[in-house]
Amino acid sequence: MKLHVDLKENGYDILVEHGILAHIQEVVDLKRKVMIITDENVPKAYTDTIAKQCKEAYIEVLPAGEASKQLSTFQALCEKLLNNHFSRKDCVLALGGGVIGDVSGFVASAYMRGIDFIQVPTTTLSQIDSSIGGKVAVNLNEVKNIIGAFYQPCKVIIDPDTLQSLPKRHYINGLIEALKAGLIYDASLFELFESEDIQAVYDTILYKALCVKKAVVEKDEKEQNLRKILNFGHTIGHAIESYYHLEEYLHGECVAMGMLYFIDDPSLKQRVLRVYERLGIQKETSFDPTSIYHLLCNDKKASGNSVTCVHVKELGKAELIETPLELLKTKLGG
Ligand SMILES: O=C(O)C(=O)C[C@@H](O)[C@H](O)[C@H](O)COP(=O)(O)O
């Protein structure tokens, strides 16, 4: 399957094919220096499969987890590119999940003011969501994605077979972003989670989620307005992640908790809770509302005393509502 993200000169293809890693050189130019950035949880066999198809591969294996998404990692990777004499004609290839894609993309965006960046996502989260749309970033002082750029990949290559090595918790974690896409934009995508054997219809879930992301990003690449809807659940979700020092809960799990605050129709909320039960997702945690409130003031959709919140009043439709921060405090029970 091939989709094209139409962003004029920044446009690119998303290729989805089982087993594509084995012949990736046929669809992307690897006849140059390629820095493959991956993490210790990604099977070495995937890295080797790609490396042997590159003319000159340099492999960087980062520790798994959010701790790698920081400025010191960014600097170390840029130094590796420089010390190995990477030029503007060479490229960075991200092989892994959201953390790997985000930090690698940020490196690619900055090194020599931008070199080619190839996304090869190997988790549900990165296949469904983070590898598309060009948001690249690192965290700062446990605040998520606060230093970054919009920098589109030149190609996204998705091999769903790579999910075979993904632990169940991480598999479910990424599906939350597809559930989010259904809630804000595509009722039929949400309904798959209610009625189908989710693992059996993964390829359909992936396709529909990619179509949502493509449609939204094409209309608003730099998040001036519409793209904010993709942030549904993230305002409080990111704050919960930070509250737990980016360690206790995974990103999707926090987004799942964050979405519940902004589903305005009680019967839809019940349907969402039933899906959470099916997926085995935790729907609440304990936190100090005042601390969460202070953390959510860092949201990139905040300005002055208010923040743009994404609400779902009806399945498949999102609404942006400017909300005074004080009101959110009350919502949190603080
Ligand atoms: O692509 C987008 O736009 C999104 O908001 C998608 C989110 O699911 C994703 O987690 C994103 O990285 C969050 O971005 P941020 O701007 O809130 O840091």
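**Stop 1: Leu210**

Select Leu210 and, leaving aside its neighbours within four places in sequence, you will find it in contact with Leu3, Ile14 and Ile132. Two residues are in contact if their C-beta atoms, placed from the backbone, lie within 7 Å. Leu210 sits in helix H7 (residues 202-219). Helices (H or I, at least four residues) and strands (E, at least two) are DSSP runs, numbered from the N terminus. Is Leu210 buried or exposed? Leu210 counts as buried because it has 24 C-beta neighbours inside 10 Å. The cut-offs are these: a residue is buried if 20 or more other C-beta atoms lie within 10 Å of its own, exposed if 12 or fewer, and partly exposed in between, with C-beta atoms placed from the backbone. Now draw a distance from the C-alpha atom of Leu210 to that of Leu3: the value is 8.4 Å, although the two residues are 207 residues apart along the chain.

**A note on the model**

This is a predicted model, in which local features need pLDDT of at least 70 and side-chain atom pairs count only at pLDDT 80 or more, while totals for chains, interfaces and linings use all residues. Residues are numbered from 1 along each chain as its sequence is written. pLDDT is the predictor's confidence in each residue, from 0 to 100. The mean pLDDT of the protein is 96, and 100% of its residues reach 70 or more.

**Stop 2: two domains**

Colour residues 2-165 as domain 1 and residues 168-331 as domain 2. These bounds come from an automatic or database domain assignment. Taken over C-alpha atoms, the centres of domain 1 and domain 2 are 24 Å apart. Their contact takes 24 residues from domain 1 and 26 residues from domain 2. On the domain 1 side, the elements giving two or more residues are strand S1 (2-5), S2, helix H4 (124-130) and strand S8 (143-150). H4 gives the largest share of that side, 5 residues.

**Stop 3: the largest nonpolar core**

A nonpolar core is a set of buried Ala, Val, Leu, Ile, Met, Phe, Trp, Tyr and Cys residues joined through C-beta atoms within 7 Å. The largest one here has 93 residues, and those with the most contacts inside it include Ile37, Val92, Ile184 and Phe232. Select helix H5 (residues 168-185), which gives the most to this core, with 9 residues. Because domain 1 and domain 2 both give residues to the core, it lies between them.

**Stop 4: strand S9**

Select strand S9 (residues 155-158), where Lys155 and Ile157 on one side and Val156 and Ile158 on the other are all buried. Strands count as paired if DSSP finds at least two bridges between them. Strand S2 (residues 12-16) runs parallel to S9 and is joined to it by 4 bridges. Ile14 has Val156 as its bridge partner in S9. Strand S6 (residues 116-121) also pairs with S9 in the parallel sense, over 2 bridges.

**Stop 5: a three-stranded sheet**

Which order do the strands of this open sheet have? The order is S10-S11-S12, with antiparallel pairing. Strand S10 (302-303) and strand S12 (317-324) are at the edges with a single partner strand each, so one side of each has no neighbour in the sheet. Finish at strand S11 (residues 306-314), which pairs with S12 over 8 bridges.
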